[in-house]
Amino acid sequence: MNGYVEAGYLVIFGSLGTYGVALLGRERAARRRVLGPAGAGSTGAGSTSAGSTGAGSTGAGSTGAGSTGAGTTGAGSTGAGSTGAGAVSSAGSGESTTQAGDAPTTKPQHAPLATEEPEPAPGAMS
Amino acid sequence: MSAGPVSSRPVGAQTRPLPLPRPPLSGALGALGFLALAGVVATAWLGLFVTPPDEFMGNLVRLLYVHPPMAWVAFLAFGVASLASLLYLWPRTRTEHFDRLAGASAEVGVVFTGLTLVSGSIWGRPTWGAWWVWDPLLTTTALLFVLYLGYLALRRVPGDFEVRARRSAIGALIAFVDVPIVYFSVVWWRSLHQAPTVLNPTTRKTYVHGSMAWTLLLGFVSFTLLYAWLTAHRYRLAKLQDLEDTEGLDLALRERRAEGDAR
């Protein structure tokens, strides 16, 4: 046919496809961040480093509902880890997300802050 | 200080992974996306394999089944952005929805304008012998692209929501002045770019017929549907980002209060 025609179609549909997919990905990531734990466990993407991120921070949500996707201990274990550092913890209310292109963040959602040591959860590692 | 954490949920309770709640109109938006995708694929198939080569342009005419529809979508997107900006500026209809719609539509319009310039350049190289010429239509289209890039940058300037939204709306209206200039530039000035083929404003005739006309029409419809789908998703993303910002502010305030209580 003509190399220019193929190149033109490739550029157009490739760019539109990339933009559309990126838009959907950003929307899903944003919904997961805003809706908190309800959206966090639905994929395994947010199951990393919840406890370590929150340790020593104040109100940064040192526990991860996002880490429960694989059936791990979640809130209790990471909460216990953060007490030694005197962290202000919002146990069980954090969300850990690790999205492509985003830095891993741990953000508490929809739960009031507590300024005390979190109570260890049943079955938590100590 | 010994009390346990204040939480609306029992500490240690395992949160069962819940599916993401479906946002409103997801089904309709999915159907719209499917229609847009099917239409765009059909346009590409008809344009590449079914329609005949042009008498003068040969196979290069196949690029024109997607180039004018993208230009149309860019105009439509900027028109919607301007209308939404106008509605935001009008005190009786001032809501944040119109501000979001203007931003979403303008972003999609910028994408389509950029692709219009690129596809036109790819068509122009074998036709005119140059990737770019300072033709009135090309120049004003490039100006349109830069103007709306500036508009998107203006939307990101930090500040109070009301102030930011108002100055963005004014910026969108100023940028839109270039749209009719782009469209009529081939009529007003001597231009290398051909005059409108589908609806020529001077002769009031159509210069495309048969399967070429139907394919082009399908391209216009499909890309319009694609625009609607992309804009709807960009709008929802903007809404979520606004919610996130609000929650971030609330969180910061709660942190400050907690710090004050601790002292």
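**Exercise 1. State how many helices and strands chain B has, and in what order its elements run.**

Solution. Chain B holds seven helices and zero strands, where helices (H or I, at least four residues) and strands (E, at least two) are DSSP runs numbered from the N terminus. Read from the N terminus, the order is α-α-α-α-α-α-α. The model is predicted: local features need pLDDT of at least 70 and side-chain atom pairs count only at pLDDT 80 or more, while totals for chains, interfaces and linings use all residues. Residues are numbered from 1 along each chain as its sequence is written, and chains are lettered from A and ligands numbered from 1 in the order in which they are written.

**Exercise 2. Describe how helix 2 and helix 3 of chain B pack.**

Solution. Start with the geometry: helix 2 (residues 67-89) and helix 3 (residues 96-128) of chain B have axes 7 Å apart and an angle of about 160°. Axes are lines fitted to C-alpha atoms, for helices over the stretch in contact, and angles run from 0 to 180 degrees between N-to-C directions. The angle therefore makes helix 2 of chain B roughly antiparallel to helix 3 of chain B (over 145 degrees). Next, sort the residues of this contact by class: 19 are nonpolar, eight polar and one charged. Here Ala, Val, Leu, Ile, Met, Phe, Trp, Tyr, Cys and Pro count as nonpolar, Asp, Glu, Lys and Arg as charged, and the others, Gly among them, as polar.

**Exercise 3. Describe the packing of helix 1 of chain A with helix 3 of chain B.**

Solution. Helix 1 (residues 3-35) of chain A packs with helix 3 of chain B at about 170°, the axes being 9 Å apart. The two helices are therefore roughly antiparallel. Residues in the contact (C-beta atoms, placed from the backbone, within 7 Å) include Tyr4(A) and Tyr19(A) from helix 1 of chain A, and Val111(B) and Trp123(B) from helix 3 of chain B. By class, the contact has 11 nonpolar, three polar and one charged residues.

Key: Angles under 35 degrees count as roughly parallel, over 145 as roughly antiparallel, 65 to 115 as roughly perpendicular and the rest as oblique. Two residues are in contact if their C-beta atoms, placed from the backbone, lie within 7 Å.
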